[in-house]
Amino acid sequence: MSQSRLPNSPSVSSSRSSSFTRPGGFQRPESPTLPPENEPRSTHSFADSRDEVPTSPYYPTHPIRSLPDANVSYESTSFHEPKSRTRSKSRPSVPSSTSSIHKSSTSSRTKSSKSYKAPDHLATAIEISTTNAITTPAPAAGMYWSRTLTYDTMIWSKPRTVHPQYGPPPCRAHSCTVVEKDLGYGKKSHQLYFFGGGNGPDYFQDVYVLDAETLAWSKPDIEPLSRPSKRRAHTSCLWENKLVIIGGGDGARALDDVHMLDISKPGQLKWEKLETYGHPPPARGYHTSNLVKDKLVVFGGSDGHDCFEDVHVLDLKTARWSQIELDRKIPRLAHTSTQVGSYVFVIGGHDGRRYSQDVLLFNLVTMSWEARKVYGVAPNPRGYHTTVLYDSRLYVLGGYDGKNVFDDVHMLELSACAYLPQITNFEIDV
């Protein structure tokens, strides 16, 4: 099996001796499955899209389109014009008497305009008007991208949680799994199960639960000796009231183990390691996994050296791994894979050479890749983002491209493919 080598990525040994230094002098063992923890630059830059950006020592650079800051002042909107078109014509001279009379008031207005910031909705409109290129209109049956105006139809909020002392510490690359419980009489409860993750040199192995209705945190008691090793960049899913964890990295090496946590009895929580057989995938992190009935489809990822393009299926009933023979080799890590009926939509990620903005479709019936034309202006190439399916639309939030951290929201309108979520009567034959 061939893989794409990660250029410029740090080499990783099996020991924790290798480390790198952050700008502040902080050191941590290099992880086989994590991007560098140096301070990324924000995408909100006034730089022209043609300006060069520093090359990342970990991932290759690629041209990106810089976006204006959401807090741009009215006076700063000169970035609409390319630098080559900067006006050099001077303003007509003003009589000295008039100039002296209005000197203080002009200075006051200039100072005020610099500190005045445009409202969020205006800044967003400016951003979209300067970043969305003119594209061919999408046909009625075509899938197309559009930029989501969060100030209008969607509103961000940061709810205040209860018992935050029982919540997780600041971390990233953890897993979050939704658990729905039937309370009877047509009522349901929803909880979010957080596991693992890390912050700098620290890796975690704890489970935290957030009640979606009461917004209350809790930390369930779990038998300590049964816990999986500390990790992040793993995947998780819920199968038959069991939280299933696959792979990840612990800072020294990538992992390939599978663990299950039965949450049907909250007072008797205990992890169990699933002993698998067959053809398991190599150890990896930053892969994706999609649960299709009793089978878990694992795609891509990295062990810190190689970017994988393989697809493996784990039958959770029999604990047997199977590798799928593919007609195309598409390496990916730090991507998202979202099941839409009998397809998995793979968006973005890193292919071992550069970050991607592609939309790939994997057919779960034929177990093969399919090409579909997507219209509109795609999000900037990125990885480590989030994608969710809602109302026959895929929403993409945030991400990272080796230099910039994104906070934008994009929507992929499925259009003629909107019927796909209704396709559920199919089996994965491996």
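Strand β22, covering residues 336-340, has four of its five residues buried, so the rest of the structure largely encloses it. Buried here means under 20% relative accessible area, with exposed over 50% and partly exposed in between (1.4 Å probe, protein chains only). Strands are DSSP runs of E with at least two residues, numbered from the N terminus.

A quick word on the background: this is a predicted model, where local features need pLDDT of at least 70, side-chain atom pairs count only at pLDDT 80 or more, and totals for chains, interfaces and linings use all residues. Residues are numbered from 1 along each chain as its sequence is written, and side-chain values use heavy atoms, leaving out hydrogens and water.

β22 runs antiparallel to strand β23 (residues 343-347), and five bridges join them. Two strands count as paired if DSSP finds at least two bridges between them. Thr338 has Phe345 of β23 as its bridge partner. Two residues lie between the strands of this hairpin, and Gly341 takes a positive phi near 65 degrees.

## A five-stranded open sheet

Elsewhere, let us turn to a sheet. Five strands form an open sheet with mixed pairing, in the order β16-β21-β20-β18-β17. At its edges stand β16 (277-278) and β17 (288-292), each with a single partner strand, so one side of each has no neighbour in the sheet.

Within this sheet, β20 (residues 311-315) and β21 (residues 320-323) run antiparallel, joined by four bridges. His312 has Gln323 of β21 as its bridge partner.

## Cysteines

Cys237 counts as buried because its relative accessibility is 8%, and Cys307 is buried too, at 0%. With a disulfide taken as a pair of cysteine sulfur atoms within 2.5 Å, the count is zero.
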